Amino acid sequence: EVPSLVAALDWYLRDLLWACYDEVQEFPWRPQRVRIFSGTVELVGPARLFDIGAVDKTELSLVVQPPLRLVAASNDHSAKFWEATTGWCYAELWGHTAAVTSAGFSPGGEEVLTAPDDFTAKIWNVASGELPRTLEGHSDDVTSPAFSPDGRVVLTASFDGSARMWT
């Protein structure tokens, strides 16, 4: 069943969000990551529903985007996950033996690649925080680890002058 909501045409985005909250008694999303459209026109800023062309019984499209996440490398031998819209640090990856100088998500966001100052790169599972793989073989610090666009290959560059591909 598709939920429905009767809204007044003079409602703003915040009015719609609060009406949704009143209906289900919870926010299944963060308001900064919700977009509402009437056709191809988005309800933003000071606009009201009638300002974007909504009329009586107009069906609106609700687009809920996943939270904007960041991963940061840290000198304290960890990598930290942050929710960008709130500044909340929601997880940390521990297990490095040296300062982490680089970190990045895989294209699908399921894995994180980190490079500590210990000649390795590490691939972490985002959901579990587990370390399924450590990439060893450089003779100096890894400077630029990266996932390929399809996420199947990792490329590392090192101060030892080499670059390696890992599958």
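1. In this predicted model, D51 has a relative accessible area of 42% and is therefore partly exposed, since that class lies between the limits of 20% for buried and 50% for exposed. The side chain of D51 meets that of R48 in a salt bridge, with an N to O distance of 3.7 Å, and R48 is likewise partly exposed, at 27%.

2. The structure holds 3 salt bridges, and another of them joins the side chains of D76 and K80 at 2.7 Å, N to O. Here D76 is partly exposed, with a relative accessibility of 34%, whereas K80, at 13%, counts as buried.

3. A salt bridge also links the side chains of R35 and E42, at 2.9 Å from N to O. R35 is partly exposed at 31% relative accessibility, and E42 is partly exposed at 23%.

4. The strands form an open sheet of 3, in the order β2-β1-β3 and with antiparallel pairing; β2 (41–42) and β3 (61–64) are the edge strands, each pairing on one side only. Strand β1, residues 34–38, is joined to the antiparallel β3 by 4 bridges, and I36 stands opposite L62 of β3.

5. I36 also belongs to the largest nonpolar core, which has 9 residues, including L16, V34 and L43; α1 (13–24) and β1 each supply at least two residues of this core. Leaving aside neighbours within four places in sequence, the contacts of I36 include L13, L16, V41, E42, L43 and L60.

Methods:
Residues are numbered from 1 along each chain as its sequence is written. This is a predicted model: local features need pLDDT of at least 70, side-chain atom pairs count only at pLDDT 80 or more; totals for chains, interfaces and linings use all residues. Side-chain values use heavy atoms; hydrogens and water are left out. Two strands pair if DSSP finds at least two bridges between them. A nonpolar core is a set of buried Ala, Val, Leu, Ile, Met, Phe, Trp, Tyr and Cys residues joined through side-chain atoms within 4.5 Å. Buried means under 20% relative accessible area, exposed over 50%, partly exposed in between (1.4 Å probe, protein chains only). Contact means heavy atoms within 4.5 Å. A salt bridge is a side-chain nitrogen of Lys or Arg within 4 Å of a carboxyl oxygen of Asp or Glu.
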